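Biologist: Before we discuss the labels, could you put the model on the screen?

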Amino acid sequence: MTRLTGMTWDHPRGVDPLLAAAPAAAKDPGVQVEWDRRSLQDFEQYPLDGLARRYDLIVMDHPHIGDAIAADAVIPMQDLLPAERLEALRADCLPVVWDSYVVDRRSWALPVDAATQVLVWRPGALDRAPATWDAVMDLARAGRVLLPLRAPHALMGLYTLMANAGTPFPETGAPDRAAMVRALEFLAALAPHLPQDSWEMDPIAAHEALAAGTGPDVIPLAYGYSTYGLEGFRQHRLRFGEFPGPGGPQGTTLGGTGMAVSRHCKTPELAASYAANMAGRAWQRDIVAPAGGQPSSLGAERDADVDARFNGFWSDTAQTLERAWIRPRHAGSVGFQPAASDIVAACMRGQRSAADAADALAAAFGRSTRAA
């Protein structure tokens with residue numbers, strides 16, 4: 001048996017499916033993977049080139065691809081797997097999820113987890129999920145709305161509102177200034193009605209607050225964690241819904257994870273075979289979902305038993321995921337996110353105008369693309 005090392009992110013959704021796959025991995029493809037883990041914030045912001053020198057397999061988010069390619073840190077899957085196996089995986093995955101890891105017609109990671117920003121709410125506190133932004137604002141004025149705003153999530157909100165309106169951030173070039181101003185004003189109107197601890201929350205902390213039942217009742221925009229729909233996972237079982245944006249359930253900023261093979265791996269074909277198993281329908285349905293993961297396989301997502309176990313997570317958010325938006329992936333895009341999120345947060349706090357914040361964001365984004 002071949003020993004591999006891997007790096008993932010520190011949450012049951014990110015760790016437990018990998019540990020649950022160990023017996024199957026020992027049989028096929030005959031590997032034992034020792035997984036280390038990093039915090040959600042490190043996962044969102046940590047450079048991949050250093051990880052690639054230490055680990056054979058890396059669980060990554062799609063905005064890291066540009067940096068990974070620039071550093072020659074990972075191997076495209078077309079160099080490691082038969083074309084027919086890649087095609088079978090692609091056919092069993094939502095196009096937006098699969099395409100988020102494709103640059104220059106090469107797949108730099110295989111999707112193993114699917115996620116985007118959705119609405120989260122607590123049954124019992126609400127009779128039904130708010131279906132419009134006006135309904136969200138009414139609940140916010142009553143102190144019943146929470147929004148995770150810890151960097152980079154304030155920026156993720158801006159990204160989503162711009163894409164929802166049909167004017168998303170570009171991969172390169174200048175973002176639409178008027179669209180940025182409108183989205184910033186939108187967020188600034190919501191901010192005074194949010195709990196103060198929103199500024200220190202990531203999506204996990206926000207889910208925890210709702211599930212504890214001691215604070216607000218709804219999150220209109222956060223990366224969904226299906227584990228909070230499990231019976232008995234927390235005190236209150238949460239439900240999820242389509243994003244109630246002005247433009248309908250579209251344009252939310254895609255999340256999820258893919259599994260990449262390090263350029264420094266000594267057995268890259270074996271590592272890629274393991275990644276393909278993790279991304280394949282059988283493991284996604286029979287291992288990933290039962291272990292609390294969020295399948296990237298359509299066959300697993302649409303399995304009625306899987307959906308029911310997670311309180312309708314997949315069926316209640318299907319349109320939002322299908323119409324999600326892929327973030328910029330140029331080298332430097334990950335470095336842009338924390339500082340840009342601080343600019344958005346400052347505007348939401350009333351510390352700078354929407355116009356000033358839009359200009360600062362455009363300048364910072366331009367610097368990130370020129371550094372690529």
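**Labels and their cut-offs**

Modeller: The protein chain exposes about 14,100 Å², of which carbon and sulfur atoms supply 48%; areas come from the Shrake-Rupley method with a 1.4 Å probe, and for residues only the protein chains shown count as cover. This is a predicted model, in which local features need pLDDT of at least 70, side-chain atom pairs count only at pLDDT 80 or more, and totals for chains, interfaces and linings use all residues. Residues are numbered from 1 along each chain as its sequence is written, and side-chain values use heavy atoms, with hydrogens and water left out.

Biologist: Why is Ser 273 called buried?

Modeller: Buried means under 20% relative accessible area, exposed over 50%, and partly exposed in between (1.4 Å probe, protein chains only). Ser 273 has 14%, so the residue counts as buried. Ser 273 lies in helix H12 (residues 268-279). Leaving aside neighbours within four places in sequence, Ser 273 is in contact with Pro 29, Leu 81 and Arg 85, where contact means heavy atoms within 4.5 Å.

Biologist: Why does Val 74 count as buried?

Modeller: The relative accessibility of Val 74 is 1%, and therefore Val 74 counts as buried. Val 74 is found in the loop between helix H5 (65-70) and helix H6 (83-91). Beyond four places in sequence, the contacts of Val 74 include Trp 108, Ala 260 and Arg 263.

Biologist: How do you know that strands E1 and E3 pair?

Modeller: Two strands pair if DSSP finds at least two bridges between them. Strand E1 (residues 2-9) and E3 have two bridges, in the parallel sense, and Leu 57 in E3 is the bridge partner of Gly 6. E3 is also joined to strand E10 (residues 257-261) by four bridges, antiparallel, with Met 60 opposite Gly 258.

Biologist: Which way do the residues of strand E3 point?

Modeller: Leu 57 and Val 59 point one way from E3 (residues 57-60), Ile 58 and Met 60 the other way, and all are buried. In a regular strand the side chains alternate between the two faces of the sheet.
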